[in-house]
Amino acid sequence: MRSIRGVALLVAALLLVGATAALAGETYPAKPIQLIVPYGAGGSTDVLARAISQVAPRHFPQPLVVVNKAGGGGIPGRVDVVKARPDGYTLLFGWGSGEDFVVPHQRSLPYDPFKDFEIICRMSVHSIVLAVPGSSPHKDLAEFVKWAKTKEYVTASVSTKGASVDITFLLFGKAAGIKVTTIPGTGGADAVTKLVGGHVDFGGGHPSEVLPHIKAGRMRGLAVAFEKRDPSVADIPTFREFGYDVVTAGSVKGVAAPKGTPKEVADYLARKFKEVSEDPEFHKIMKDLGQPVMYQGPEEYMAWAKKAFDQYGESIKAMGLETK
Amino acid sequence: MVDIGGVLQGFAIALSPVNLLYGFIGALLGTAVGVLPGLGPAATIALLLPVSYKIGSPVTAIIMMAGVYYGAMYGGSTTSILLNIPGEAASVVTCIDGYQMAKKGRAGPALGISAIGSFIAGTMGVLGLTLVAPPLAEFALKFGPPEYFSLTVVGLFLATYLSGRSVLKGLIMGLLGLLFASVGLDPISGAVRFDFGNPNLQSNIDFVTIAMGLFGVGEILINLEESGTLSLVTTKITHIFPSLADLARSWWAMIRGSVVGFAVGILPGGGAVIASLVSYAMEKRFSRHPEEFGQGAIEGVAGPEAANNSAATSSFIPLLTLGIPGNASTAMIFAALLIQGITPGPFLLKERADVFWGVVASMYIGNVMLLVLNLPLVGLWAQLLRVPYAFLAPLVGVLTLVGVYSVNNSVFDIWVMLFFGVFGYIARKLDFEPGPLLLAFVLGPIMERSLRQALLMSSGSFAIFVTHPISAALLGVGVLFVAGNVLRRRASQG
């Protein structure tokens, strides 16, 4: 008798659980959320997305799944998000990178970085480090420039064409009076591999991409394109310290959803990502990665992004790099 | 020199219950598809791709897929010996002497020696992988854009050259593969190509879609035509364990097969099929009784079966250290790894030692599993052949449809897959092998990217491909190989 009652109770309990689950299904998020990273695995954007998805279970009721959609200069991944259903289950991770702030000044894209996305928040800003292979004889930027001036041109591996690293190195070439040929690839990890292998004269990327290799002696950081030294690579001087006015907003890592995503979903996401940005474990992971946590909410980020966008526009115009 | 810590870590990973289970499933599935004619390892891995994303851990997923690949090498011999139908391409030569042995009532020893040969070769292959891969990964850093371009050119050329009977047809399929690979956004600047105004084509054609179409759907269509019943060698299979005399005769054939297979497997475009052909030719030349070849010589079974297994293992070396898949099956595993967020290449060993050593260790274990699985179960595998294709075909068909749809939740992808299914069917009817197309599809973006990067480095000069020593050496090997083959063909014709 008792066992039958037990079974009945169990069935009732299961039904109840089922019913609540069904009810909960009405509210967002009812299934895993995809974070589309438009670059290859192992680059700084990818690593940041994975760090977030690692601590996400404490803040989101559903997992955040990182999906790499690499290649094509970061464009295909963005096109996928623009085309996705605006239901909050497909998000772009990395909005604010060169493809959003830099490339639009140079050529037309199959999307508008501001009009086709719902901006959610900013998570981090990555400075840009110029580095040479570990086998290179050059110990600082001044020495390197002196050597580069004797060459017809120097090559630099960069993540993708038109991305912030690409533009920064071209800016540097202009400022230092050397001819720089940038070699774009599939993303930061690809660029770093070419640099470590010594296939280019210089290269670099964001601190999280170059730091492990600098520590291992496989490359040497010469300069950072920031207003002041980046705390994650504090012993690398800025370009300004050598007298070159190469300052950029860096590469910005924000989250965006397809245009038309409901306001309550966007607000929910912004709130949850803010929680993540305040999580002590997340801060610890980010410190190990060499990435600063720099959260901004939707309005604040939008205003900041417009300024960064215009700043890149001016640099590109000054260099005569528009090809539109 | 051997990273003992890494190997031990690998065993710890491979011996975890989940990985053991998936390794076993992979090996079992592999053996089964090896036995079943008309469903090769490439098609099976294609079918498993969507499942692999859901498994979660990338190590587990690749352990399973690797199991399918080398498992198929074990199983492929069964139908060759019993039916004179190769279970998959790498067992074609096994038909020659294996079937003759079976007709003479020696099916047991033939099946036994191929399982033992496979085990010895598999184990030697993994041992070689353990020793060779780490230094090679270090060497791989010397590969920049010009080296990668030459490597992909040579690899693709060898693959198309060696894949089928007609070089021209292989080349045509390879070129078509490159063409399909260029649909969508270009790999350097992101410009749109060949989209015909259709936004679905702006993001490049998905690998899973094209692989499932060519291999999954294409094979179903081809097999539906051959609905005739199969005639099994019905004599009772006895003496699975070969006699001492058989073992003595096959011993060196197995060792030679393992070594040759290993070497061929490392080459881009190499792989199990070529390895088995090379080994057979070599055994015939080395044998003291060459007249027995074609009449049921046990070395003619032992050598090629060993070769295809060690080649299957060693083809993981370029995949894991250079990020260059050498054949259709490893191309599928390459794609699966990328989707799991792991980039195979020089840094894999440094950054994801768990993946690298986990997979290597799982191969040691997998080989033991397969030996245990195969020796006693040969009779059972033969029973599997009695499943009517009428049941198998719809099942595979549904799996491909669901699988492709589940990748991007896109109905458009289903149409693309069906297009490639019909395309693959027509191509096969006309004797065009789909393998080179798929391989070119995977290598195409790497090739184009490295070509353009190399030309940026050299400021437009093609001399960069010959002034860089590794690149020049690779191209030289390719030219020598092709020249050698052309001369030999001439000689055999004239």
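The residues that line the largest cavity divide into three nonpolar, eleven polar and three charged, where Ala, Val, Leu, Ile, Met, Phe, Trp, Tyr, Cys and Pro count as nonpolar, Asp, Glu, Lys and Arg as charged, and the others, Gly among them, as polar. This is a predicted model, in which local features need pLDDT of at least 70 and side-chain atom pairs count only at pLDDT 80 or more, whereas totals for chains, interfaces and linings use all residues. Residues are numbered from 1 along each chain as its sequence is written, chains are lettered from A and ligands numbered from 1 in the order in which they are written, and side-chain values use heavy atoms, with hydrogens and water left out.

A cavity is taken on a 1 Å grid over the protein atoms alone, as a set of points where a 1.4 Å probe fits but cannot get out, and its lining residues have an atom within 4 Å of a point. Grid points are joined across faces, edges and corners, and the volume is the space filled by probe spheres set on the points. By this rule there are six cavities of 30 Å³ or more, and the largest holds about 130 Å³ of space. Its lining has 17 residues, of which Tyr39(A), Thr45(A), Ser159(A), His206(A) and Lys253(A) lie nearest the centre. At least two lining residues come from each of α2 (44-55), α4 (98-101), α6 (164-176) and β10 (251-258) of chain A; such helices (H or I, at least four residues) and strands (E, at least two) are DSSP runs, numbered from the N terminus.

The second largest cavity, with about 60 Å³ of space, is lined by residues of chain B, including Ala14(B), Asn19(B), Tyr70(B), Ser362(B) and Met369(B). Its lining divides into six nonpolar, four polar and no charged residues.

Where the two chains meet, 30 residues from chain B and 30 residues from chain A take part in the contact, which is defined by heavy atoms within 4.5 Å. The area buried between chain B and chain A is about 2200 Å², of which carbon and sulfur atoms give 60%; buried area is the accessible area (1.4 Å probe) that two parts lose on being put together, summed over both. On the side of chain B, Phe347(B), Leu456(B) and Met457(B) lose the most area to chain A, together 22% of what that side buries.

Chain B itself has 21 helices and two strands, and 60% of its 494 residues count as buried, meaning under 20% relative accessible area with a 1.4 Å probe and protein chains only. Of the contacts in chain B with a separation of 6 or more, 80% are between residues 24 or more positions apart.

In α9 (residues 207-225) of chain B lies Asn223(B), which is buried, with a relative accessible area of 12%. The C-alpha atoms of Asn223(B) and Tyr425(B) are separated by 9.8 Å, although these residues are 202 residues apart along the chain. Ser258(B) belongs to α10 (residues 244-266) of chain B and counts as buried at 2% relative accessibility. Beyond its neighbours within four places in sequence, Ser258(B) is in contact with Ile120(B), Ala121(B), Met124(B), Ala306(B), Ala307(B) and Ser310(B).

Key: On a 1 Å grid over the protein atoms alone, a cavity is a set of points where a 1.4 Å probe fits but cannot get out, and a pocket is an open set with protein on both sides within 12 Å along at least five of seven lines; lining residues have an atom within 4 Å of a point. Buried means under 20% relative accessible area, exposed over 50%, partly exposed in between (1.4 Å probe, protein chains only).
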